[in-house]
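Dear colleague,

I am handing over the structure shown below, which I expect will be new to you. Please look through it first, and then read my notes on what was found in it.

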Amino acid sequence: VSRLSIGSWLTFGSSVDAGLTERCVRTALDGGVNVIDTADIYVRGGAESALGTFLPKLTRHTFVLATKLFWPMSDDPNDKGLSRKHVFESIDASLARLGTDYVDLYQCHRYDDETPLDETVRAMGDLIRMGKVLYWGVSCWSAQQIVAACRTADLLGVPRPISNQPPYNLLTRGIECDVIPTSRSEGLSQIVFSPLAQGALTGKYSGGQRPEGSRAADTQRNMFMERMLEPENLRRIDGMVAIAAELGTTPARLALVWCLRDDNVASVIFGATR
């Protein structure tokens, strides 16, 4: 996979229309990005559908397509989680929206305490045998959950998960303690999201300002940003901005490269609205 991945959370299918979505993705691919990451829950299928308007026109082997499942897609009690029923129904729905026969990477968006782990692992193995999925991974799973998934896969004789997708940036470093060491020993890599702390690490919010048109100024999309913009974090960001200036680079580039300094981080996911 490329060191950079283009994601679709809070952008494609919502704040970015279909035409601009295609232009953003094509620009990323032309620049060397080959991973497109999405999830069924993003705009309740809207992000996948936006991608599906043009992905069938692209040469399939030139990009790695990743999506996820877990979160409720409706009020129906069976339309959520990682049960065999929901896994099989979700992949078919995602494939239809994306306009493709298979996804390269199918990720369990969270751990499901209500479904036996072996049921989920066996379902992923079956999807791989059916050719609808090439590899499977997890997102925001703990070190203990990752180990359990690997051991279960080994016992069932099915492929292990190959990746974890956690948040990771200069302000959010929890995976360094045990998730990264465990993943390294078990053979998983990280494809991390929010490497720019949702834009906070670009330096655009220095002094607590919230420029018009920015995510922090958008009450529909800034619900996860408040912690990033607390005074102590703003102080840290100002320090990072100064270091970037000394190095002759941009804060955003420095933040991305910082995530990639660890060889267990295979790729970082960025978002784009233009």
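Is Glu-186 buried or exposed? With a relative accessible area of 11%, Glu-186 is buried, where buried stands for under 20% relative accessible area, exposed for over 50%, and partly exposed for what lies in between, computed with a 1.4 Å probe on protein chains only.

Before going further, please note that this is a predicted model, in which local features need pLDDT of at least 70 and side-chain atom pairs count only at pLDDT 80 or more, while totals for chains, interfaces and linings use all residues. Residues are numbered from 1 along each chain as its sequence is written, and side-chain values use heavy atoms, with hydrogens and water left out.

The salt bridges come next. The structure holds 18 of them, a salt bridge being a side-chain nitrogen of Lys or Arg within 4 Å of a carboxyl oxygen of Asp or Glu. One of them brings together the side chains of Glu-186 and Arg-151, at 2.8 Å from N to O. This pair links distant parts of the chain, since Glu-186 belongs to helix 6 (residues 179-186) and Arg-151 to helix 5 (residues 143-156), 35 residues apart; helices (H or I, at least four residues) and strands (E, at least two) are DSSP runs, numbered from the N terminus.

Glu-22 and Arg-26 meet through their side chains at 2.8 Å, N to O, and both lie in helix 1 (residues 18-30), 4 residues apart, which is about one turn of the helix. Here Glu-22 is buried at a relative accessible area of 18%, whereas Arg-26 is partly exposed at 32%. In helix 7 (residues 231-247), Glu-232 and Arg-235 are 3 residues apart, again about one turn of the helix, and their closest N and O atoms are 2.5 Å apart. Glu-232 counts as partly exposed at 39% relative accessibility, and Arg-235 is exposed at 51%.

Strand 6 (residues 163-164) and strand 7 (residues 189-192) pair in the parallel sense over 2 bridges, pairing being assigned if DSSP finds at least two bridges between two strands. Asn-164 has Gln-190 in strand 7 as its bridge partner. Strand 7 also runs parallel to strand 8 (residues 265-270), with 3 bridges joining them, and Val-192 stands opposite Val-268 in strand 8.

Finally, which part of the structure largely encloses helix 8 (residues 251-260)? The rest of the structure does so, because 7 of the 10 residues of helix 8 are buried, among them Leu-254, Trp-258 and Cys-259. The buried residues of helix 8 pack against strand 1 (4-6), helix 7 and strand 8, with contact taken as heavy atoms within 4.5 Å. In the segment before strand 1 lies Ser-2, which is buried with a relative accessible area of 10%. Leaving aside residues up to four places away in sequence, Ser-2 touches Gly-32, Val-33, Asn-34, Val-35, Ala-266 and Ser-267.

With best wishes
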